[in-house]
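Subject: A structure for you to explore

Hi there,

Here is the structure I promised to pass on to you. Open it in your viewer and keep this email beside it while you read.

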Amino acid sequence: MHGASVSLVSHLMEVLHERCAVEPRAVRDAVDATEHYRVLNFLGDYFPAAELFAAFERLRSTRVAILGCGAVGSWTAVQLAHSGLENFIVIDGDQVEESNLNRSIFLHEDIGQPKVKAISSALHRISQRVRVRRVNENVCDADGLRALLSEARPDVIVNCADEPSVDLTSEWINEYCQDRRVPYVIAGGYNLHLSLIGMTVSPGVSACINCSRITLDELEDESLQGVRRLWRPKRNLGSLSPLTGITSSLAASEVLRLAVKSDRLRPAMWNRRGEFNFLTNELSFVDLPPRPECGCTAEDVRDRVSNNSQ
Amino acid sequence: MICGDDDQFGSLRLWLRDGVDVYISPDDVVHFVFLSTRKRLRLKVTPLLIECLEWLDGSASVMELDARYKAQASRLDSKHPSSFVDFIQYLYGKGILVRKDWMHNAFCPEQVERYSRQLNFFLDIEESEAAATALLKRIMNCRIALIGIGAVGSWILRELVQIGFQRFILVDPKTLKPADRTRNAIFDHLLIGEPKALVAERFVHSQALEPETRAIQSPLDIDTNVEELIGADTDLIINTADEPYIGATSIKLSRYCVEKGLPLLVAGGFDAHLASLSEIIVPGQTPCSDCYAMHFEETLRGWKPISHPIVDRRRGFGGLPSLSAFAASAAVLKIVRLLSENGGDVEQGRGEFLFDQYSIDSFKVERNPECPTCGDFERLQARAD
């Protein structure tokens with residue numbers, strides 16, 4: 001630094017620190033000493049050293065509810081536990097069957113067990129510090145889900161439940177979340193196949209599921225407009241583990257972004273949803289902006305929260 | 001009248017495959033939409049043939065349905081030039097109709113139970129029962145040497161076992177460490193201190209229906225004899241070993257694979273980040289690792305990064321389990337496409353998933369005709385023959 005003054009060098013260091021390019025030796029040593037040094041180093045690309053451990057602590061202590069513990073739900077849960085999250089609420093009334101093993105994290109020894117118990121075992125294999133609240137029931141209506149979530153009080157909800165349908169369960173979650181300002185991630189299940197990447201909703205900040213419906217109705221494929229669909233009950237649709245892996249990896253990444261609660265690392269799936277194409281290995285997205293006519297703006301949410309608390 | 005070879009077809013009980021949606025527009029155009037791949041087929045047909053689609057639930061044979069069709073046609077007193085059987089045969093050829101029991105003819109009940117949804121997916125890709133069956137059988141019979149069972153290798157192994165691979169040579173010299181809880185897909189805190197190769201072998205045996213494994217607790221070094229390490233019975237090698245360096249281990253394995261005519265998948269490890277889309281090397285079709293090295297040497301000529309003040313940065317690289325899962329999933333999809341009849345051309349190039357906006361950055365690399373390893377592939381092939 002030929003001719004640079006101390007104050008200039010100091011300013012340069014401040015800028016580099018703020019932009020996450022340098023870190024104090026003590027922080028590096030502290031990161032190095034933890035088991036989660038890879039996750040911390042990753043977050044270090046977004047958070048300056050002075051904020052790094054606080055961001056990880058927010059992540060670690062986030063209470064995440066996973067509704068539906070099938071293929072995507074089970075994969076999402078274990079990725080979050082590997083990432084350092086320690087508080088889980090898992091909700092599913094089904095048992096593990098042989099047919100689940102081609103795409104879920106369940107093991108052969110789990111067959112016949114409730115899925116929530118098998119997931120709990122998987123999470124405890126990763127860390128004994130993990131706390132899992134198991135809800136071994138299928139949620140059948142909005143009231144039932146509301147009661148359950150009101151008691152469990154999650155910080156983030158991931159919807160992986162496609163029974164009775166993803167649309168319906170997302171609507172129930174949206175109702176609860178808009179009232180309580182709880183963010184949620186919709187993972188998989190759209191249109192009955194597994195390579196779709198759902199949107200992330202932060203009430204009052206981003207478009208909600210109802211906003212997305214308004215836009216999607218407008219975008220409906222013209223070639224299918226005015227057509228009727230052949231009714232086909234009890235279908236056994238195709239699935240493939242790596243597509244589950246891709247959908248769940250993005251759902252888990254979205255939960256991490258929500259869990260650190262910072263503008264430095266915001267959700268990437270606000271106001272859009274995506275699709276991964278098996279044949280071309282490409283990701284594509286559809287923009288789903290907030291719709292004023294939906295009634296989910298920040299002001300609407302504030303009013304609802306205030307009415308709710310009165 | 002159905003006769004001769006058609007007798008056999010006439011006796012089939014066919015149904016509309018679960019993975020295909022059917023839409024009917026007011027102008028009598030039927031839209032078949034393949035849910036897993038989003039392929040579409042549009043057909044203009046008669047109203048009576050549209051009505052017939054609802055009969056295809058596997059409860060009656062083609063011959064019985066043909067009789068019902070003819071009775072209906074004569075009741076409507078309509079002149080129907082269309083043949084019901086031709087229509088059905090066409091849909092069967094396109095993989096839109098399947099035999100009700102097609103999986104049970106090829107696989108045992110436990111295999112059907114486990115893989116029925118996957119076989120339905122394969123039908124979308126391969127478009128025939130025979131090809132979908134053959135794909136799963138190729139998966140079950142393929143012997144894979146997996147070099148490195150870490151942040152990406154362990155997730156790849158987990159997915160491969162899920163989709164039916166069961167023959168493995170598992171190579172890793174290390175033991176399971178506490179920090180592996182943040183990245184290893186088969187981590188179990190009760191197994192800390194055990195060799196990763198043995199942990200992986202135990203996992204395969206707990207999941208696969210007919211497992212065959214060899215666990216090898218040795219490193220792949222520059223002077224390792226590859227065949228002595230993994231044996232001569234491998235069908236595919238996957239390299240995720242980033243020590244001493246993924247580039248070095250890949251060049252070594254790539255040279256071995258070109259000589260032997262074996263496919264190689266290189267996954268993970270690039271610049272120590274974990275969302276590489278992996279690259280597949282098929283001797284004679286794709287560039288080999290030497291071609292990649294020469295390509296980058298040329299492309300990056302004159303681009304000289306300064307040396308980093310921290311000499312050993314291995315603990316300084318960041319990663320997320322979700323990125324490992326993405327990288328592993330992209331790698332396993334490449335293997336499925338490689339084994340598939342309709343998976344398209346083998347991709348040539350490199351790509352990575354970018355976390356910021358979930359975009360994919362990829363570029364093509366061509367085979368280098370001057371490559372000392374694979375440039376004269378025909379000569380190598382003749383020698384191997």
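Let's start with one residue in chain A. A:Thr200 is buried, with a relative accessible area of 0% (buried means under 20% relative accessible area, exposed over 50%, and partly exposed in between, using a 1.4 Å probe and protein chains only). A:Thr200 belongs to strand β6 (residues 196–201) of chain A; helices (H or I, at least four residues) and strands (E, at least two) are DSSP runs, numbered from the N terminus. Leaving out residues up to four places away in sequence, A:Thr200 touches several others, including A:Tyr184, A:Leu258, A:Trp270 and A:Glu254, where contact means heavy atoms within 4.5 Å. The side chains of A:Thr200 and A:Glu254 are also joined by a polar contact of 2.6 Å. A polar contact is a pair of N or O atoms within 3.5 Å; within protein, one must be able to donate a hydrogen and the other to accept it, and residues adjacent in sequence count only if both atoms are side-chain atoms.

Before going on, a word on the ground rules. This is a predicted model, in which local features need pLDDT of at least 70 and side-chain atom pairs count only at pLDDT 80 or more, while totals for chains, interfaces and linings use all residues. Residues are numbered from 1 along each chain as its sequence is written, chains are lettered from A and ligands numbered from 1 in the order in which they are written, and side-chain values use heavy atoms, with hydrogens and water left out.

Next, salt bridges. A salt bridge is a side-chain nitrogen of Lys or Arg within 4 Å of a carboxyl oxygen of Asp or Glu, and the structure holds 29 of them over all chains. One of them joins the side chains of A:Arg60 and A:Glu86 (2.6 Å, N to O). This pair links distant parts of the chain, 26 residues apart: A:Arg60 is in helix α4 (residues 49–61) of chain A, and A:Glu86 is in the loop between α5 (71–83) and β2 (87–91) of chain A. A:Arg60 is partly exposed at 24%, whereas A:Glu86 is buried at 10%.

Another salt bridge in chain A is between A:Glu218 and A:Arg291 (2.9 Å, N to O). A:Glu218 lies in helix α9 (residues 209–219) of chain A and A:Arg291 in the loop between β9 (282–287) and α11 (298–309) of chain A, so the pair ties together parts that are 73 residues apart in sequence.

Now to chain B. Its secondary structure comes to 14 helices and 13 strands, and of its 385 residues, 56% count as buried. β6(B) is joined by five bridges to strand β7 (residues 167–171) of chain B, and the two run parallel; two strands pair if DSSP finds at least two bridges between them. Across this pairing, B:Leu146 stands opposite B:Leu170.

What does the side chain of B:Glu212 make a polar contact with? The partner is the side chain of B:Arg143, at 3.1 Å. B:Glu212 is in strand β8 (residues 212–216) of chain B and counts as partly exposed at 33% relative accessibility.

Finally, look at where the chains meet. The contact takes 80 residues from chain B and 73 residues from chain A. The area buried between them is about 7,300 Å², of which carbon and sulfur atoms give 55% (buried area is the accessible area, with a 1.4 Å probe, that two parts lose on being put together, summed over both). Between chain B and chain A there are three salt bridges, and one that you can find is B:Glu54 with A:Arg228 (3.5 Å, N to O). The interface also has 23 residue pairs in polar contact, both residues at pLDDT 80 or more. Strands meet here too: β7 (residues 228–229) of chain A and β2(B) pair in the antiparallel sense over two bridges, with B:Tyr23 as the bridge partner of A:Arg229.

Enjoy exploring!

Best wishes
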